[in-house]
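Please read them alongside the sequence and the coordinates.

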Amino acid sequence: MKNNYALRSKKDFEKLFEKKTSYYSSFFIIHASKNNKPTFRFAISVNKKNFKKAVDRNKIKRQIRSIIREIENKKIGIDFLIIPKNNFLKAEFLKKKNDLLKLLSKNVFKI
């Protein structure tokens with residue numbers, strides 16, 4: 001995945017939290033806001049308090065990036081932060097994938 005889809009700088013996160021709109025599903029919390037870029041950018045935040053092992057945190061990030069790759073061709077100027085909930089590791093990958101894609105297409109990409 002290209003690095004231009006990554007939301008990394010402190011200024012970008014500050015802008016995101018100033019204008020954020022939050023969306024919730026059974027596996028995710030997403031904070032989103034518009035940007036002036038031609039493509040979307042995203043970040044993944046996995047809480048160390050909820051997921052103790054680094055192996056689990058890395059697995060979660062890999063799975064979310066894998067799901068995001070499927071929507072990479074969308075040309076929508078949105079920044080979003082994806083936060084997985086506690087029950088993320090207990091579910092099957094297909095359920096998580098459907099949940100995230102549904103949440104993004106219904107809410108986030110219609111900002």
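1. Tyr24 stands opposite Ile29 in β2, and Tyr23 has Ile30 of β2 as its bridge partner. Strands β1 and β2 (residues 28-34) run antiparallel and are joined by four bridges, forming a hairpin with three residues between the two strands. Two strands are taken to pair if DSSP finds at least two bridges between them, and helices (H or I, at least four residues) and strands (E, at least two) are DSSP runs, numbered from the N terminus.

2. On provenance, this is a predicted model, in which local features need pLDDT of at least 70 and side-chain atom pairs count only at pLDDT 80 or more, whereas totals for chains, interfaces and linings use all residues. Residues are numbered from 1 along each chain as its sequence is written, and side-chain values use heavy atoms, with hydrogens and water left out.

3. The sheet is open, with four strands in the order β1-β2-β4-β3 and mixed pairing. Its edge strands, each pairing on one side only, are β1 (21-24) and β3 (41-44). Neighbouring strands are turned by 20° against each other on average, direction ignored; axes here are lines fitted to C-alpha atoms, for helices over the stretch in contact, and angles run from 0 to 180 degrees between N-to-C directions.

4. Strand β2 is joined to β4 by seven bridges, and the two run antiparallel; Ser33, for instance, has Asp79 in β4 as its bridge partner. Five of the seven residues of β2 are buried, so that the strand is mostly covered, where buried means under 20% relative accessible area, exposed over 50% and partly exposed in between (1.4 Å probe, protein chains only). Ile78, found in strand β4, also counts as buried, at 1% relative accessibility.

5. Helix α3 (residues 93-106) lies across β1, β2 and β4 (78-84), running at about 30° to β2. Within this helix lies Asp99, which touches Ser25, Ser26, Phe27 and Phe28, not counting residues up to four places away in sequence; contact means heavy atoms within 4.5 Å.

6. A search of the whole structure finds three salt bridges. In one of them the side chains of Asp12 and Arg41 meet at 3.1 Å, N to O; because Asp12 lies in helix α1 (residues 10-18) and Arg41 in strand β3, the pair ties together parts that are 29 residues apart in sequence. Arg41 also forms a salt bridge with Asp79, the closest N and O atoms being 2.9 Å apart, and this pair links strand β3 to strand β4 across 38 residues. The relative accessible area is 15% for Asp12 and 9% for Arg41, and Asp79 is buried at 4% relative accessibility.

7. Lys97 forms a salt bridge with Glu70, with the closest N and O atoms 2.8 Å apart. Lys97 lies in helix α3 and Glu70 in the loop between α2 (54-69) and β4, so the pair ties together parts that are 27 residues apart in sequence. Lys97 counts as buried at 18% relative accessibility, whereas Glu70 counts as partly exposed at 44%.

Note on methods:
A salt bridge is a side-chain nitrogen of Lys or Arg within 4 Å of a carboxyl oxygen of Asp or Glu.
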